[in-house]
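Student: Please take a close look at one part of this model, the domain arrangement, and describe it in a connected account.

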Amino acid sequence: MLQFLLSVSFFLLGLLFGSFYNVVGLRVPKKESIVYPPSHCPACARRLGPGELIPLVSYVLAKGKCKGCHTRISLLYPVMEGLTGLGFVLVFLRYGLSWETMLGILFVSLLIIITVTDLSYRLIPNKVLLPFFLLFLVLRFLWPYEGTGYGQHLIGMAAGFLFFWLLAVVSRGGMGGGDIKLYAVIGLFLPPLLLFLTVFLSAACGTLYGLYLWMSGRGARKAMIPFGPFIAIGALVSYLYGSGLGAWYLSLY
Ligand SMILES: [Zn+2]
């Protein structure tokens, strides 16, 4: 019962944070303040009332349209809110009431924000990466991942950066600078084995999506796919289930 109540609390917390991350992700790349002006309809600039600021609920009640001008509200808002809630719950269910859960929540937050910026502007801004990089640099020193030392986190960071930097040089710009720096931050947060798994999973997701586009006749737009969301999916799955997957894989032999 306690587990259930805590799960619900983590989900609600995630919804609240998620709606804030939408604001951060949509405003920071445009160099706008994240507190001023208050939330408004992007189409008619009408300021939103308190009843319109409830994550998920407001969207459903308004049937996805602005009350003033009836313009469709982007599905990005409720989807990212829901995903943040889900991410927070899954982190809690995996790591319990621990420091790791607090760090995991920050990790989910980073992944959500860069997904919003990459989907909306095809950008992973330094202004988002740098604060998380500094936070993880300190927090991983205090609380390394279970069974891992701080040294391994630093090696992961360097490996993530170097590998993808080389890949970018070789592929001549096939990989964005934001993606490279994101891998460095993920390498700092995750132990090396889980970073490796992240690389594999995100490449697999990206390839599957590319195949899907190609088969549905939209292959020409392949170059336009932002890769950040795939990195986010790979990193989260790896963080939540990577050690289990590793044990399962080894048990096959
Ligand atoms: Zn409006």
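Tutor: Domain bounds here come from an automatic or database domain assignment. For this protein chain, that assignment gives domain 1 (1-86) and domain 2 (98-253). The model is predicted, so local features need pLDDT of at least 70 and side-chain atom pairs pLDDT 80 or more, whereas totals for chains, interfaces and linings use all residues. Residues are numbered from 1 along each chain as its sequence is written, and side-chain values use heavy atoms, without hydrogens and water.

The C-alpha centres of domain 1 and domain 2 are 25 Å apart. Across the boundary, 13 residues of domain 1 are in contact with 16 residues of domain 2 (heavy atoms within 4.5 Å). The two domains bury about 1200 Å² between them, with 83% of it on carbon and sulfur atoms (accessible area, 1.4 Å probe, lost on putting the two parts together and summed over both). On the domain 1 side, Tyr21, Pro29 and Met80 supply 38% of the area buried against domain 2, more than any other three residues. The count of salt bridges between the domains is zero (side-chain nitrogen of Lys or Arg within 4 Å of a carboxyl oxygen of Asp or Glu).

The zinc ion is coordinated at 2.3 Å by the SG atoms of Cys41, Cys44, Cys66 and Cys69 (donors are N, O and S atoms within 2.8 Å of the metal, or 3.2 Å for Na, K and Ca; water is not among the atoms, so sites may look incomplete). In sequence, these donor residues follow the spacing C-x2-C-x21-C-x2-C.
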